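This report describes selected features of one protein chain. The sequence and the structure are shown below.

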Amino acid sequence: MPTGVYDHSVKQTHGMCGTPEYVAWKNMKARCTNPKNTHYENYGGRGIKVCDRWLHSFENFYADMGPRPEGMSLDRWPDNDGNYEPGNTRWATNHEQNINQRAKGKSQYRGVCWQEKRNKWVAYSVGGGKQRTLGRFDNELDAAQAVMSDLENQVQNGMILASDRLVFGSSIA
């Protein structure tokens, strides 16, 4: 069957058409498989795929992901460049998704971006609560270390899990 073509001979038996989970599954597939989808360039167009287990089975997707919590949507985590698959997909808040975006600046570190207007590296809090600026720095590594220090404080205070810190901290010496 060609990409993006619906097979009308397949009967839907799950009774969940129109639910938030089904819409998320359908949209995930369209972003990754349909070149006419407005978001294809940022998903399928850059190699993001849906695993075979989920591509042709909403039931498998639902069994792995469970019900969508209120106010959450699909997020590829911990690898934002990875595929939609078990172990790399979660239901996430908008805040969590903002943290997990591809870098918009020139930094190699999460939570750090280049602020052209001020000619400084900016460090942002990347875990728990609302996003906040940690400071502006002359060099990228100092900004990254500020992010790590903030994450470690959040772990010590129980605001985020240590496993979340490891994802962010893996690229900082």
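Which elements do the buried residues of helix 3 pack against? The buried residues of helix 3 pack against helix 1 (20–33), helix 2, strand 1 and strand 2, where contact means heavy atoms within 4.5 Å. Helices (H or I, at least four residues) and strands (E, at least two) are DSSP runs, numbered from the N terminus.

The model is a predicted one: local features need pLDDT of at least 70, side-chain atom pairs count only at pLDDT 80 or more, and totals for chains, interfaces and linings use all residues. Residues are numbered from 1 along each chain as its sequence is written, and side-chain values use heavy atoms, with hydrogens and water left out.

**Helix 3**

Phe-58, Phe-61 and Met-65 are buried in helix 3; buried means under 20% relative accessible area, exposed over 50%, and partly exposed in between (1.4 Å probe, protein chains only). These three residues lie on the same side of helix 3, because they cover an arc of only 60° around the axis. The arc is that of the directions from the helix axis to the C-beta atoms. In general, an α-helix has 3.6 residues a turn, so residues three or four places apart point the same way. Just after helix 3, Gly-66 adopts a positive phi of about 75°.

**Salt bridges**

The whole structure contains five salt bridges, a salt bridge being a side-chain nitrogen of Lys or Arg within 4 Å of a carboxyl oxygen of Asp or Glu. The table includes three of them.

| Pair | N to O distance | Relative accessible area |
|---|---|---|
| Asp-64 and Arg-53 | 2.7 Å | Asp-64 33%, Arg-53 37% |
| Arg-90 and Asp-75 | 2.9 Å | Arg-90 17%, Asp-75 5% |
| Lys-120 and Asp-138 | 2.4 Å | Lys-120 26%, Asp-138 62% |

In the salt bridge between Asp-64 and Arg-53, Asp-64 belongs to helix 3 (residues 58–65) and Arg-53 to helix 2 (residues 52–55), 11 residues apart. Asp-64 is partly exposed, and Arg-53 is partly exposed as well.

Arg-90 and Asp-75 also meet in a salt bridge. Arg-90 lies in strand 2 and Asp-75 in strand 1, so this pair ties together parts that are 15 residues apart in sequence. Arg-90 is buried, and Asp-75 also counts as buried.

For the salt bridge of Lys-120 with Asp-138, Lys-120 sits in strand 4 and Asp-138 in the loop between strand 5 and helix 5 (140–156), 18 residues apart. Lys-120 is partly exposed, whereas Asp-138 counts as exposed.

Three strands make up an open sheet in the order 3-4-5, with antiparallel pairing; two strands pair if DSSP finds at least two bridges between them. Strand 3 (112–115) and strand 5 (133–137) stand at the edges with a single partner strand each, so one side of each has no neighbour in the sheet. From one strand to the next, the twist averages 25°; axes are lines fitted to C-alpha atoms, for helices over the stretch in contact, and angles run from 0 to 180 degrees between N-to-C directions. Strand 4 (residues 120–124) is joined to strand 5 by four bridges, and Tyr-124 stands opposite Thr-133 in strand 5.

**Cis peptide bond and cysteines**

Trp-77 and Pro-78 are joined by a cis peptide bond, with omega about 20°. Pro-78 is in the loop between strand 1 (73–76) and strand 2 (89–92). The count of disulfides (pairs of cysteine sulfur atoms within 2.5 Å) is zero. Cys-17 counts as partly exposed at 44% relative accessibility, and Cys-113 is partly exposed with a relative accessible area of 22%.
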